[in-house]
Amino acid sequence: MLDPLYRLFGWLLGIMYDWIGNYGLVIILFTLIFRAVLIPLGLKSSRSMVRQQALQPDINEIKRLYPKDMQRQQQLQQELMKKHNISMAAGCLPSLLQLILIWPIFTIFRAPLQYIGRVSVENIGNIAAVLMKNGVITESVANNAASMDIPLLNGLRSSATSLAEVVNSGYMQLNQLINTEFLGMDLGM
């Protein structure tokens with residue numbers, strides 16, 4: 001369901017990585033741009049919540065007047081919301097939309113080879129098999145490689161033999177190897 005967002009964000013991050021060449025800077029820049037784009041949704045959600053909180057004394061009064069009649073409480077609360085032109089979903093919907101947009105980013109940052117380096121899922125499986133055969137990664141890491149390929153990056157960087165075998169087999173090109181070093185830290189770790 002979120003595949004179009006994965007592809008779009010992966011494509012954008014891939015372009016940014018090709019341009020900048022530093023995974024850490026790409027993450028920072030993309031985060032800043034992404035947060036700037038989401039500001040209007042956050043503001044709308046905040047405004048709606050403030051408007052709903054302003055009605056809280058009236059809602060508490062309704063609950064006090066009809067403590068055992070839940071149906072009447074709901075009816076009066078809906079009328080109150082309608083009177084003040086407030087939608088109950090207006091506070092939640094922007095937050096839900098933000099979550100839907102943030103989820104693919106989490107997935108993409110866990111699988112930079114696939115989304116930023118543009119290595120196919122099939123080839124990621126083949127790379128995992130080569131690394132497992134050479135004793136660089138475990139079987140459990142190989143089984144999870146399609147959803148989290150950072151251990152493959154680490155394995156390829158630590159084993160020149162495996163990297164040469166993967167490149168010579170055509171599973172990936174050397175320029176698809178993502179550099180996860182940033183300010184002296186390995187973000188892949």
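Author: Happy to! One term before we start: contact, or touching, means heavy atoms within 4.5 Å. Also, this is a predicted model.

Reader: Good to know. Which residues does Ser162 touch, leaving out those up to four places away in sequence?

Author: Ser162 touches Val130, Leu131, Asn134, Val136 and Leu156, once residues up to four places away in sequence are left out.

Reader: And is Ser162 buried or exposed?

Author: Ser162 is buried, because its relative accessible area is 0%, and buried means under 20%. You'll find Ser162 in helix α10, which spans residues 160-168.

Reader: What joins the side chains of Ser162 and Asn134?

Author: A polar contact of 2.8 Å links those two side chains, Ser162 to Asn134.

Reader: Nice. Switching topic: where is Met16 found?

Author: Met16 sits in helix α1, residues 3-20. Met16 has a relative accessible area of 11%, so Met16 counts as buried.

Reader: What is Met16 in contact with, beyond its neighbours within four places in sequence?

Author: Those contacts are Gly21, Val26, Leu29 and Phe30.

Reader: Last one, on the surface. Which residues form a nonpolar patch there?

Author: That patch is formed by Leu93, Leu96, Leu97, Leu99 and Ile100, and together they have about 450 Å² of accessible area. One of them, Leu96, lies in helix α5 (residues 89-110).

Reader: How does Leu96 count in terms of relative accessibility?

Author: Leu96 counts as partly exposed, because its relative accessibility is 44%.

Key. Residues numbered from 1 in each chain as written. Predicted model: local features only at pLDDT ≥ 70, side-chain atom pairs only at ≥ 80, totals over all residues. Heavy atoms only, no water. Helix = DSSP H or I, 4+ residues; strand = E, 2+ residues; numbered from the N terminus. Buried < 20%, exposed > 50% of the residue type's maximum accessible area, 1.4 Å probe, protein only. Polar contact = N/O pair within 3.5 Å; in protein donor to acceptor, adjacent residues only side chain to side chain. Patch = residues over 30% accessible without salt bridge, like charges linked within 9 Å, V, L, I, M, F, W, Y side chains within 5 Å. Areas by Shrake-Rupley, 256 points an atom, 1.4 Å probe, with all protein chains shown as cover. Salt bridge = Lys/Arg side-chain N within 4 Å of Asp/Glu carboxyl O.
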